[in-house]
Amino acid sequence: ALGISRLAERRGSRSVMRLWGVLAVLTPAAALAFPLLAAAVPPAVLPFLYGAVFLVVGAQGNANMTGFIAWVLEYAPASQRPMYIGFANALSGTSLVMPILGGLLLTKAGYPALFAAAAAVPLLGLVLTFRVIEPRHRADVPAGAAPPDPLPPA
């Protein structure tokens, strides 16, 4: 979490979002590769590889919060932040159906298809981060200044 927050401070929340994408793809990719690795590495190394997956999952969770929530907070005008946060939370609620879809996919197609889909979805998210504007680098905002508030004071 400390390293991820440092990355966010130095490079911006968009870079953390991209890190999340890489980590989110690595986790199911590791699950797909684990049977191949089990045959290729000494058995004593396997618990460490398996433990590394949990480190990646933890880093992914930290990058998710640090990247996406920080981006919304930086992007939203001050007077509209509650609305932006509420909308972002509502959109994240769509992820609640993923376990149901994953269970359906698992029963119909098996673990390899489940892990492939679990890697494909965040890969799409990673690709989409290349279209995300870094709020700190917007042309309409001078360096170090907060974005202008589009709504007049009430």
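Is Phe-54 buried or exposed? I looked this up in a predicted model. Phe-54 has 55% relative accessibility, so I put it down as exposed, the cut-off being over 50%.

Next I checked what is around Phe-54. Tyr-50 sits in helix H3 with Phe-54, four residues apart, which is about one turn of the helix. Tyr-50 comes out as partly exposed, because its relative accessibility is 48%.

I then went through the aromatic pairs and found six in the structure. For Tyr-50 and Phe-54 the ring centres are 5.3 Å apart and the planes stand at 80°, so I noted the pair as edge-to-face. Ring pairs also bring in Phe-34, which forms a cluster with Tyr-50 and Phe-54. Another pair is Tyr-75 with Tyr-84: centres 6.4 Å apart, planes at 50°, therefore tilted. Tyr-75 is partly exposed at 26% relative accessibility, and Tyr-84 is partly exposed at 27%.

Phe-34 took me to helix H2. I found a kink of about 45° at Phe-34, shortly before Pro-35. I also compared the length of H2 with expectation: its 28 residues (13–40) should span 40 Å at 1.5 Å a residue, and the end C-alpha atoms are 38 Å apart, which agrees.

Which helices do the buried residues of H2 pack against? I found H1 (2–11), H3 (46–75) and H6 (111–128). Among the buried residues are Ser-13, Met-17, Trp-20 and Leu-23.

Last, I looked at Ser-13, which lies in H2. Ser-13 is buried because its relative accessibility is 1%. Leaving out residues up to four places away in sequence, I listed its contacts as Ala-8, Gly-67, Ala-70, Trp-71, Glu-74, Glu-134 and Pro-135.

Methods: Residues are numbered from 1 along each chain as its sequence is written. This is a predicted model: local features need pLDDT of at least 70, side-chain atom pairs count only at pLDDT 80 or more; totals for chains, interfaces and linings use all residues. Side-chain values use heavy atoms; hydrogens and water are left out. Helices (H or I, at least four residues) and strands (E, at least two) are DSSP runs, numbered from the N terminus. The expected span of a helix is 1.5 Å times one less than its number of residues. The bend at a residue is the angle between axes fitted to the seven residues ending there and the seven starting there. Buried means under 20% relative accessible area, exposed over 50%, partly exposed in between (1.4 Å probe, protein chains only). Contact means heavy atoms within 4.5 Å. Rings of Phe, Tyr and Trp (its six-membered ring) pair if their centres lie within 6.5 Å; planes under 30 degrees apart count as stacked, over 60 as edge-to-face and the rest as tilted.
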